Amino acid sequence: MLPLPEIKIPIIPIPLENSSVSLYIKREDEVHKAISGNKYWKLFYNVNQYLELTPTEPMLISFGGAYSNHIAALAALGKDFGIQTLGIIRGEELEERWAENPTLRLAAECGMQFCFVSRALYRDKESLAESFKNQYPNALIIPEGGTNLQAVEGVKYMLNADTQDFDYICTAVGTGGTVAGLSKFAECHQQVLGFKVVKDASLSEVVSRLSRRENITLFEASYGGYGKVSDEVIGFINAFQRRYQILLDPIYTGKMMMKLLELIEAGYFPKGSKILAFHTGGLQGILGANQMLKQQNRPCIDII
Ligand SMILES: *Cc1c(COP(=O)(O)O)cnc(C)c1O
């Protein structure tokens, strides 16, 4: 069973020059060294409820791209708790080359097995899920990115007495489960800001269906598209780390923080606002991003 962590997740100030607002970051990435950030909480009820019902030979199956934080987290969970895991990975070309990919290599070291599928097959996840359910009737099949109602419920643990005073709470948005959970469990006076790193027109509908509240504003923060990492984003992450000694990831938290600082700079927030941004993890993805950047002879993310 995934335990409730004993550590207190720190909230760190991010001092801004000449600003009328105050900014803090909650280091949710520190919740577990390998089941990092929001993925821990999204898996929490899904896995625990399943393990209660399936005490013998449990198996977890899920979907993801080759650099997926969700796949990395699921594999690590499988290793820690001795549960068999299977990752359905987008891209059949990876069948021969998966060991070159740092995320998949680490997942394999955790004991995860893979099934590589073409992009066309991957798109039809409902049929895929059904065929795996037939093959492994006892297994728990978790959706891509881990987003479902139980995932949204688990996100409540990201909020606690320490987060109640903030006026704004901010997170990067991929499949929308995390922002929906923050919205569902936020205090009445709090506004939830979601920074979309994926260009997906259906997101706002998905999110409001999961949260059923009207306290969310979504911002476009994909900076060229999901998984695309511009030199500008790399430069921002490196400068942020030099200044605040906090490493952000290039796919989610780096883009969120870049857009958030742009909004602060543009005067979006009323004077005196207290803003909390979540560091949702994703740092395992830096290895893969740097590998790609190096191949393209581009600047990399400094790992200090
Ligand atoms: C998966 C992920 C997100 C997005 O979470 P969703 O619930 O899919 O919106 C944000 N940040 C990081 C680091 C992630 O790995």
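Biologist: In which sense do strand 7 and strand 8 pair, and over how many bridges?

Modeller: Strand 7 and strand 8 run parallel, paired over six bridges. Two strands pair if DSSP finds at least two bridges between them, so six is enough for the label. I169 is one of the residues involved, with V192 as its bridge partner in strand 8. Helices (H or I, at least four residues) and strands (E, at least two) are DSSP runs numbered from the N terminus.

Biologist: Before we go on, what are the ground rules?

Modeller: This is a predicted model, where local features need pLDDT of at least 70 and side-chain atom pairs count only at pLDDT 80 or more, while totals for chains, interfaces and linings use all residues. Residues are numbered from 1 along each chain as its sequence is written, and side-chain values use heavy atoms, with hydrogens and water left out.

Biologist: What makes strand 7 largely enclosed by the rest of the structure?

Modeller: Six of the six residues in strand 7 (residues 168–173) are buried, so the strand is largely enclosed. Buried means under 20% relative accessible area, exposed means over 50%, and partly exposed is in between (1.4 Å probe, protein chains only).

Biologist: Why is S68 called buried?

Modeller: The relative accessible area of S68 is 13%, which falls under the cut-off, so S68 counts as buried. S68 sits in the loop between strand 3 (59–64) and helix 2 (69–81). Beyond its neighbours within four places in sequence, S68 is in contact with T103 and Q284; contact means heavy atoms within 4.5 Å.

Biologist: Which UniProt annotation covers S68?

Modeller: The unreviewed UniProt entry marks S68 as "active site". The entry also has "domain: Tryptophan synthase beta chain-like PALP" over residues 10–281. UniProt positions are given in the numbering used here with shortened feature names, and annotations may be inferred rather than shown by experiment. Over residues 10–281 the chain is 40% helix and 19% strand, with the end C-alpha atoms 14 Å apart.

Biologist: Why is L2 called buried?

Modeller: L2 has a relative accessible area of 5%, under the 20% limit, so the label holds. L2 lies in the segment before strand 1 (11–13). Beyond four places in sequence, the residues L2 touches include I35, L43, F44 and L77. L2 and L77 are 75 residues apart along the chain, and their C-alpha atoms are separated by 8.4 Å.

Biologist: Which residues touch the most other members of the largest nonpolar core?

Modeller: That core has 47 residues, and I35, L43, L60, L77, I169 and L182 touch the most other members. Its largest share, eight residues, comes from helix 1 (residues 38–53). A second, separate core of 38 residues includes C170, F219, V233 and M257. A nonpolar core is a set of buried Ala, Val, Leu, Ile, Met, Phe, Trp, Tyr and Cys residues joined through side-chain atoms within 4.5 Å. In soluble globular proteins, nonpolar side chains tend to be buried together.

Biologist: What makes E17 and R243 a salt bridge?

Modeller: Their closest N and O atoms are 3.7 Å apart, within the 4 Å limit, so the pair qualifies. E17 is in the loop between strand 1 and strand 2 (22–26), and R243 is in helix 10 (residues 231–244), 226 residues apart. E17 is exposed at 64% relative accessibility, while R243 is partly exposed at 46%.

Biologist: How many salt bridges does the structure hold?

Modeller: Nine. R298 and D231 form one of them, with the closest N and O atoms 2.9 Å apart. R298 comes in the segment after helix 12 (285–295), and D231 is in helix 10, 67 residues apart. R119 and E93 also meet in a salt bridge, at 3.2 Å from N to O. R119 lies in helix 5 (residues 119–123) and E93 in the loop between strand 4 (84–90) and helix 3 (94–97), so the pair ties together parts 26 residues apart in sequence.

Definitions and conventions:
A salt bridge is a side-chain nitrogen of Lys or Arg within 4 Å of a carboxyl oxygen of Asp or Glu.
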